[in-house]
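This report describes a protein structure piece by piece. Look at the sequence and the model before reading on.

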Amino acid sequence: MLDLSTLHSVVEQSYREFGQAPGGANADYIPFLANIPSDLSALAVVTANGDVISAGDIHYRFAIESISKVCTLALALEDWGAQTVQQKIGADATGMPFNSVMALELHGGKPLSPLVNAGAIASASLIKAENTEDRWNRILGMQRKLGSPQIKLSSPLNESEQSTNFHNRAIAWLLYSSGYLYCDPMEACDVYTRQCSTLLTTVELATMGATLATGGINPLSKERVLSPDNTPRILADMTMEGLYDTSGDWAYTVGLPGKSGVGGGILAVVPGVMGIAAFSPPLDDIGNSVRGQKMVASVANTLGYNLYKS
Ligand code: DON
């Protein structure tokens, strides 16, 4: 049994120690993100029982960015099952940056992972949908079911991303030319860009983690969102590629499935136990929140949660 007062003090202590740790810089290739105050910082845990523990700027709504890839992957798995997703997108690490074209070139145009940009654009294209708005609404619906009904698109962020996403548009066309894109390429890129442009709180992010930790039941809404067969696949993908080319370092030092976004969010999942989420905008060179990694690692290490421990 988890002792809630211990949990409270571990979250408080980790936030106090690492919430303003030095280093890193805001993402600046998306103009909206460059202007977010760099000193914002928050840490939250949501347990499989629905207990919520948090510290810092917990009401601030930040950009989900790449963490949205987990939600779209979840929907693709619900729509098609694990085998089809593995065959049409892949389930492996690229070992390369999140927007790498070279990774595509080296693998016959196959994205390999649903958690890099190419694989996430392919996942968005794979979602069963009547048209663009249906595709978008189904993906947003999955973010809300996993996290919170308050998750919404930010129009200024979406406009900032849509007007600078030329590299992702090129990736969509490359996928199309190699047969790994399953709807109109510009529709897939548009919807992928929107899915990155929603805003959420650190507690809502931790709730997504808790929903994955329970095998697919959101512990706050009590709704079954995912089939229990699909959550181990999502957690495996997060382990292999959740922090991009430093996923191995994360597994080595923290030992939990994780996912980061260039908005400064980061999520880790302790299967059966909890989601741990943190937010702070300054990123390392790979695109992972510097303070977020330290805060999440501190909670996991202090509580002794590591999947590879006996
Ligand atoms: O596609 C992009 O470049 C962004 N919308 C999201 C990238 C991202 O968050 C990578 N993460 N660390």
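This is a predicted model: local features need pLDDT of at least 70, side-chain atom pairs count only at pLDDT 80 or more; totals for chains, interfaces and linings use all residues.

Two strands count as paired if DSSP finds at least two bridges between them.

Strands of a sheet pair through backbone hydrogen bonds, either parallel or antiparallel. Here five strands form an open sheet, and the pairing is antiparallel. Their order across the sheet is β2-β1-β8-β7-β6. The edges are β2, residues 52-56, and β6, residues 258-260, each of which pairs on one side only. On average, neighbouring strands are turned by 10 degrees against each other, with direction ignored.

Strand β1 covers residues 42-47 and β8 covers residues 274-279; six bridges join these two antiparallel strands. Five bridges join β1 to β2, again in an antiparallel arrangement. One of the residues involved is A42, whose bridge partner in β2 is G56. β1 and β2 form a hairpin with four residues between them. In the turn, G50 has a positive phi of about 95 degrees.

Which strands does helix α1 touch? Helix α1, residues 4-18, packs on the sheet and touches β1, β2 and β8. The direction of α1 makes about 20 degrees with that of β2.

Helix α11, residues 202-213, also packs on the sheet. The strands touched by α11 are β1, β2, β7 and β8, where β7 spans residues 265-270. The direction of α11 makes about 150 degrees with that of β8.

Helix α3 (residues 68-80) packs against helix α7 (residues 132-146) at an angle of about 105 degrees, and their axes are 9 Å apart. Angles of 65 to 115 degrees count as roughly perpendicular, so α3 is roughly perpendicular to α7.

On the α3 side, the contact is made by S68, C71, T72, A74, L75, E78 and D79. On the α7 side, R138, I139, M142, Q143 and L146 take part. The residues of this contact divide into six nonpolar, three polar and three charged.

## Around the ligand

How many residues surround the ligand? There are 14, and the closest are Y29, E65, S66, Y192 and V262.

Some side chains place polar atoms by the ligand. An N or O atom in the side chain of Y192 is 2.6 Å from a ligand oxygen atom. For N117, a side-chain N or O atom is 3.1 Å from an oxygen atom of the ligand. Y244 has a polar side-chain atom 3.3 Å from a nitrogen atom of the ligand.

Methods. Residues are numbered from 1 along each chain as its sequence is written. Side-chain values use heavy atoms; hydrogens and water are left out. Axes are lines fitted to C-alpha atoms, for helices over the stretch in contact, and angles run from 0 to 180 degrees between N-to-C directions. Contact means heavy atoms within 4.5 Å. Angles under 35 degrees count as roughly parallel, over 145 as roughly antiparallel, 65 to 115 as roughly perpendicular and the rest as oblique. Ala, Val, Leu, Ile, Met, Phe, Trp, Tyr, Cys and Pro count as nonpolar, Asp, Glu, Lys and Arg as charged, and the others, Gly among them, as polar. A residue is near a molecule or strand if one of its heavy atoms lies within 4 Å of it. A polar contact is a pair of N or O atoms within 3.5 Å; within protein, one must be able to donate a hydrogen and the other to accept it, and residues adjacent in sequence count only if both atoms are side-chain atoms.
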